[in-house]
Amino acid sequence: MKRIYFVCSVLFSLLLTSCGDYDDSSIQNKLNDFKERIAALQTKADKLNEDISKLGYLTEGNVITSVSRNSDGQYVITYKDNNNEEKAVVVATQEDVIEAPILGVRLNDDDQLYYWTTTIGNETNWLTDDTEKKVPVCGYTPEMGVNADGYWTVNGEILKDNKGTPITATTDETAIFKNITKTDEGYLKITLGNGETLTLEVFSSLNLRLKANAVTKITDLSSPLKIEYEVTGASAEEALVTIAQAVNVKATIDKETHTLTVIFENNFDEGHVIITAYDLQHLVLRPLLFKKKLILKMI
């Protein structure tokens, strides 16, 4: 019995000695490297999100009024928003893109609205919501991120390829804006990181102001929604204001009172109206999105 006790004591001592001498520095270094990589990826995501917001400002219907370059070689693009307020975004381009950015925008030929896209590998597709519908740029900006395992996320959801495999985030150089040029005809050409090109008109003689948010939640389908509008700029007097498109709603314009009236059916869920102002030279396109607001009932 004493012999067994002695042997156990020796083994226990050896175990304690072994644990005390164990060097875990390699594991700690790997953990630190992983934490640093995640932090670097989050910094990359923050920069991409900043440029994604700028891309949204330029393609959601705002009127681009001028394009110039500052002392750092960055592009300063000014625009007038729905409230006729002039604002500016500073855009840095990067032609040597190693990795295509996840998010971009593309013009939809059916309704002439810009929608968000995702580029995975060499394939670009529409970004869709939970109901598999395309996500319009107007009134909505997706957010990129990196989760704790180092995978790309969009609005907190892990982004996957067409095989269902999560997309691993990399620290390779990427950019939303690859190249920007202004043509002699007065157009702004933006080449995105995935290679697609946007063509936007530059002018300052006309703007269309709508006294409504880009996205309006509708609580009462039985009441028509009345929205006032105002045409501003040097050519405002000769501009023609029309409804270019009305989807899932009925819309009319009263040109004397400068009022847009939108009527909703009982089965309305979501829809949009596109209003344009045209002075025979330039076209302003203002989209308005409408969604039925769900009312929670107490049980």
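Two strands are taken to pair if DSSP finds at least two bridges between them. The model discussed here is a predicted one.

**Hairpin of β5 and β6**

Strand β5 covers residues 113-120 and strand β6 covers residues 123-126; the two run antiparallel and are joined by four bridges. Within this pair, Thr119 has Thr124 of β6 opposite. Two residues separate the strands of this hairpin, and Gly121 in the turn adopts a positive phi of about 70°.

Strand β11 takes part in two antiparallel pairings. The hairpin has four residues between its strands, and Gly186 has a positive phi near 90°.

On the other pairing, β11 is joined to strand β12 (residues 197-201) by five bridges, again antiparallel. Ile190 is placed opposite Leu198 of β12. This hairpin also has four residues between the strands, with Gly195 in the turn at a positive phi of about 95°.

| Hairpin | Residues between strands | Glycine and its positive phi |
|---|---|---|
| β5 and β6 | two residues | Gly121, about 70° |
| β10 and β11 | four residues | Gly186, near 90° |
| β11 and β12 | four residues | Gly195, about 95° |

**Asp51 in helix α2**

Helix α2 spans residues 25-59 and includes Asp51. Is Asp51 buried or exposed? Its relative accessibility is 4%, and because buried means under 20%, Asp51 counts as buried. Leaving aside residues up to four places away in sequence, Asp51 is in contact with Ile176 and Phe177.

**The four-stranded sheet**

Four strands form an open sheet in the order β14-β20-β19-β16, and their pairing is mixed. Why is one side of β14 and of β16 left without a neighbour in the sheet? Strands β14 (215-218) and β16 (240-247) are at the edges and each has a single partner strand, so one side of each has no neighbour in the sheet. From one strand to the next, the twist averages 20°.

Strand β16 pairs with strand β19 (residues 270-278) in the antiparallel sense, over seven bridges. In this pairing Ile243 lies opposite Ile275 of β19. Strands of a sheet pair through backbone hydrogen bonds, in either a parallel or an antiparallel manner.

Note on methods: Residues are numbered from 1 along each chain as its sequence is written. This is a predicted model: local features need pLDDT of at least 70, side-chain atom pairs count only at pLDDT 80 or more; totals for chains, interfaces and linings use all residues. Side-chain values use heavy atoms; hydrogens and water are left out. Buried means under 20% relative accessible area, exposed over 50%, partly exposed in between (1.4 Å probe, protein chains only). Contact means heavy atoms within 4.5 Å. Axes are lines fitted to C-alpha atoms, for helices over the stretch in contact, and angles run from 0 to 180 degrees between N-to-C directions.
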